[in-house]
Each structure stands twice: as structure tokens, then as C-alpha cells.
Amino acid sequence: MQQSTPPAAKPEVEKPKPPTPPAELQEREIATMDAAALIRILTDAGSPEFQKAKACQRAGELGAVEAVPAMAALLKDERLNTYARYGLEPISHPSADEALRSALTQLKGNLLIGVIASIGKRRDAKATPALAKMMYAGDANVASAAASALGQIGDAAAAKELQAALKKTQGLTKMAVADGLLACAEHLLAEGNREQALGLYVFLSAPELPRPARLGAMAAIIREETRVGRPR
Amino acid sequence: MVDANIMTTRRQILKSAVAPMIVPSLVLGQRAGAVPPSDKIIFGGIGIGARGAHVLSKILDFETARFVAICDVRNERRETIKSTVDQKYGDRGCEMYDDQFELLARADIDAVLIATGDRWHTPLAIIAAQHGKDVYCEKPCSMSMEESWALADAFQRYNRLYQAGCQRRNGANFQLCKELLKAGALGQLHTMYANVGPSVNWPPLPSRDWLAAEELPPKQVLDWDRWLGPAPWRPYNSSYVRGGWRNYYDFHGGGILEWGSHTVDLCHWAAGLDDTQPVEYEPVGGNTGPYQVLCKYANGVKLVMRDDGWDGSLKTGSCSFRLEGDQGWVETGDATKIECSDNIRPLLRPTEAASLALVNHVGDLIRSIKSREQPQASAAAAANSHIACHAAFIAFQRGKTLAWDPAKREFTNDDVANRMRSRALREPWRV
């Protein structure tokens, strides 16, 4: 019988320790601040961007309605825009909707796209007219974001705007419009508007539409028409 | 009562899992959304680091698959993956991209392997579905509850197939445990344990700090803006790019999501709870561990997410899970060893090596693409197991017991927790 030789012990290789955040980039007391203290950070022109970023996150989680104006002012900041939206998105108060809608006319490019995404997430139907116009924007990314937001809003008015846009848009924007319509159909189904939803799916099954959306619509029709227990 | 046919059933499962049976779609008949009949499933890859390269190596071993394109924001990774693929196939056919939309626009690509950092997983998977692609995506699959819902919605919307990288669902030792539960050998299931440790390396609460700014490398070496992607802006530090992004909140969901996406997912799968989430989450312990989150499902079954060290206290290996019924218990992990109560021991048998789980899992997706049947770790299943992890993570952050309504998708006893269900994505990304 062969004797097995134990493998030689591997020398321990010490992994380099991960770097430590410097003191000025540590969240520390911001994690427990109240709304008043957070607003002081957000409105102080001398506050470092790290502190403002963390203050936005904390304010959003707290639901600090008082901090909405201060966070809205950061929507135009290239670096802090996302943090401002992190703060604004979960605050279920009309002032947050108003701040985001107001920013639609003040921003361009990616900053505008971010705000559009936040409006869609909040399903703010009052933004529908503005978003509908944006689907025809020269910036295809803005147009696509607007179509997606309308899909998230997902009511009959949004669906009507998206249907109109489907015939007038091209490329990635057309894909986003079709995606928005699929999302609308899902909202309508969830709310019990089955016939309207099926109408949208039939509309999206036309051969000239983007193939992924068309196949999605056809699959949805099959799924709905074969669903066990559906009222007939 | 134990099912007398358990061995036969197990062999049948193993036979089909180890030797992937690819039935040509020509035979099955093409349906709406099906991949057109062809000899090979054509794959592309996005963001292939060390883990992704491991998955890729399994894809390359399937004769029924062909990998044709790599997209990465890191030049070095693009070159490395192209070299690996070209060497395997003996040609120069693997194309390189730094823009995912260019790769996804290729009509010849059927499926995409996504193995970026966590922040990219959901947005990229959804974009891939919108382009008509099926997806294999590494875990954790989402950064928030909202992303989990969006992921499941998108894959249903486009009738595409999604395989989360939860390969243990196709691992023989894990399958045997599930089979024992299903056959009634454990009796009535009352408690499941999912190892989410070790907290010494993977604390439940990631840091919200930033690292110090370093000089940005040239864009052709690393595109920092693209690397950040949907994550909020922060100054560049090379540690993030070398894998040090983990344990930072803006990039990572902490230890509960990191390991729960492995083991909570196993519990859901084994117990047939792929379509729901626990309704209660009670955090116990501190961030330095050991800690637990005690969860309860609507049907009364308990789920204990616990920091049980790297290999588990029973040394069953990493990513261990345990099922306890009123007649017996069983526990296993990546070491493939199965520990159990004495009455279960006669029902055990040797299982295949743990490494085969990934082979089986990739084969499962390839089979699914051909048949258009859902693979083991679908988007909906992954969404539900991830939502459980996100809820536990939020409970840990809040330091209190949270009640959750899966149907209403809301916590019923904490407004702050409800505001933590989603995260804003950096423009222009969205889900």
C-alpha cells in the first residue's frame, strides 16, 4: 500500500489590506442627523460634495419633506444629481413631484434624463403632457427616457400618447415607445382593464414593429387568452 | 412517508443534468419567441472578470454553444477574454466592444453572459431582454427590491429566458436535499437555515463612505464613467476596480444579499417558495457578527439567515443551507458532504463533484433556450429570493422587526423601510 505524502504547506501570502476611507469621506454623524441638520449641510455653499451626497441619501430615507427644495437645487449638479434624486424619489409628497416637474424645463442631456426617470418611477401623471412632447426631442436618449416614463405612469392617457408616438419615432426611441406601451398594457391588466390591455397588445403585434416588442405582445396575448380561470 | 422511488428519480434527474440533452428546436417545433433552428446557441458576454471567466469556460466546453463577442469597459479584460475564446476555437472570431448597445444590436447573438459588478446586473439584463436576448446573469442579480420587480417584469414582458447564476440549483448534493424534503423524508418542513456569513469578511451593513480620490487612468484603459454605470458618482479609486467595490453601499447590498443570493435562493427553491417572500424579518446581533435575521413565511415556515462562518459549523462547505422538518433534518454546502439526522442517513448516496453544478447550470440554460422552457433560476424566482434578502438587509439597517406584505410590495410597520425599497440610478441608466 502506498503511503501518501502530505502536501507541503503553502506559504501564507498576506493579502494587501483594503484602503481606509479618509476621515473627511466618512459618513459618521450624518447617518443619524435630523432634517434640520441635513438641510444646513445641503444649503451651505461650503459643504463638501461628500457631505451633500450623504445628506441627500439620509433625507430621502427619513422622508424629510422640508429638505425637498435643498435637494431640488442639486438636480443640476453633474455629480450630485443622482444623490438628489435618491433623496427626492421616495418622498411621497406633492412638493417632490413639483420639484422634479419643474426641473424638466431647466435641464438638458443626462441630467434631464435622470429627472425623467425619477418622474416615471413616481408615476406622476401630471407630467404626461411634458413627457409626451419630449418623445419627439432631438436627443434620442431624452426621447427614450420620456417614453419609458410614460410606460411607468401607465394610464390610458399615457398609452394614447405612446400609441401616437409609435408611428412617428425610429430606432432606439421606437423600441422605448414600444416598451412603454407594453408596460402600459401590464398596468391596465393589473387594474382590471383587460380589453384595453389586449387592444394594446394587438396594436403592438403589427409586423412593422420592433421584433422583441412584437414577440412580447404576441406572447402576452397567448398568455392572457389561455389563462386558466379568466372570466369568459 | 418516504417515497420508495426516490433513487430512481434521482438517477433520472442526474442523467439529464450531467449530460445535457439538446433537442433541436426543429424537432420541438418553433414557437413565437423561440430561437430559430440552428446548430449552436450564439453567446456574447458583458463585463467578464474572474467569475465571469469561470462561467465562460463552461460555455466554451459546450459544442452546442458558440461565444462570439465580448464587451467590457476595461481594455485588458476585453483582450484577455478575446484571447481565451480565440485560443479555444482556433480562430480570431471573438469581436471586442466597449459599448454594450453595439454588442446587443447583433442579430446573430441569442444570449448574453452578464458578469459585471452588481450595480450593472439588472439594467443590463433588462436592456438585453429589450433587444430580444436570453440572459445568464451572475448574482446578486439586483441592487434593490425595485430592480428585482423590474427584472421579473422585463423577462416576462419580452418572453425571454433568464438564468440567474444560482448554479447550486443544479448541484447534485443540493438537489438530493430538496428531493428528500419533497419525498417527505424530513416530515413537515418548519425551519430553513441559509448561511449568510462570514460577517468578518462580509458584514451585513456595507460602508457608505468613499475612498480617497486617485488620478484617473486614460479612458482607453478604464472608462470610469462607464464603470460606475448606474451607481452614483464618486471619485475614482483603483481599489474599487480591483474588486474592492464590495462592501460599499452604492455598489453592494452587504453580506446578507451577497450570500443570501446564494443560500436564501436555495431555501426558496428547495421549499417550493419561488413565488413569494417571508412576511416577517427580525434582525439579531450586530454588524461585526455573528448575526441572524429571523424570517417567517405566511405559511408559518421559518427562515433563519445566519452568519455560520465560511464553511458552516458542520463543515459542509461554503454556501450551506439546512432544512429541518418534524421528522428529520439535512444540511449541505459546497463541500458536497451532506449532514443529516440519523433517520435520513440510510437514504443518502454519493453525489457528484460540486464543480459540476456550474456545468449543469449552463447546460440547463442552453437546453432552455432550445426548448423555450424556463431554466432552474428564472428571473421571477431570482427576484423573489433577492427581495427576501433586500427586506432582511433593510430590517438590519433599521434595527427592528419588519412586517412585509408580498402582494402589496410594502412594509406594513415602517415608512422609512418603505423608502429604502429602491435606489435612484445614475443618469442615463434606468430600469
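**Exercise 1.** Into which domains is chain A divided?

*Solution.* This is a predicted model, in which local features need pLDDT of at least 70, side-chain atom pairs count only at pLDDT 80 or more, and totals for chains, interfaces and linings use all residues. Residues are numbered from 1 along each chain as its sequence is written, while chains are lettered from A and ligands numbered from 1 in the order in which they are written. Domain 1 of chain A covers 27–103 and domain 2 covers 120–232; such bounds come from an automatic or database domain assignment. Taken over C-alpha atoms, the centres of these two domains lie 32 Å apart.

**Exercise 2.** Find which helix of chain A gives the most residues to the side that touches chain B.

*Solution.* Step 1: the contact takes 42 residues from chain A and 31 residues from chain B, with two residues in contact if their C-beta atoms, placed from the backbone, lie within 7 Å. Step 2: the helices of chain A that each supply at least two residues include α2 (49–62), α6 (109–122) and α12 (211–225). Helices (H or I, at least four residues) and strands (E, at least two) are DSSP runs, numbered from the N terminus. Step 3: α6(A) gives the most, with 7 residues.

**Exercise 3.** Work out how α8(A) and α10(A) are oriented to each other.

*Solution.* Step 1: their axes come within 7 Å and cross at roughly 5 degrees. Axes are lines fitted to C-alpha atoms, for helices over the stretch in contact, and angles run from 0 to 180 degrees between N-to-C directions. Step 2: angles under 35 degrees count as roughly parallel, over 145 as roughly antiparallel, 65 to 115 as roughly perpendicular and the rest as oblique. Step 3: α8(A) and α10(A) are therefore roughly parallel to each other.

**Exercise 4.** Identify the edge strands of the open sheet in chain B.

*Solution.* Step 1: the sheet has 6 strands in the order β3-β2-β1-β4-β5-β6 (chain B), with parallel pairing; two strands pair if DSSP finds at least two bridges between them. Step 2: β3 (95–97) and β6 (162–164) of chain B each have a single partner strand, so one side of each is left without a neighbour in the sheet. Step 3: β6(B) is joined to β5 (residues 134–137) of chain B by 3 bridges, and Cys137(B) has Ala164(B) as its bridge partner.

**Exercise 5.** Locate the residues of chain B where pLDDT stays under 50.

*Solution.* Step 1: pLDDT is the predictor's confidence in each residue, from 0 to 100, and the mean for chain B is 91. Step 2: the stretch under 50 is residues 1–37 of chain B. Step 3: where pLDDT is low, the predicted coordinates should not be read in detail.
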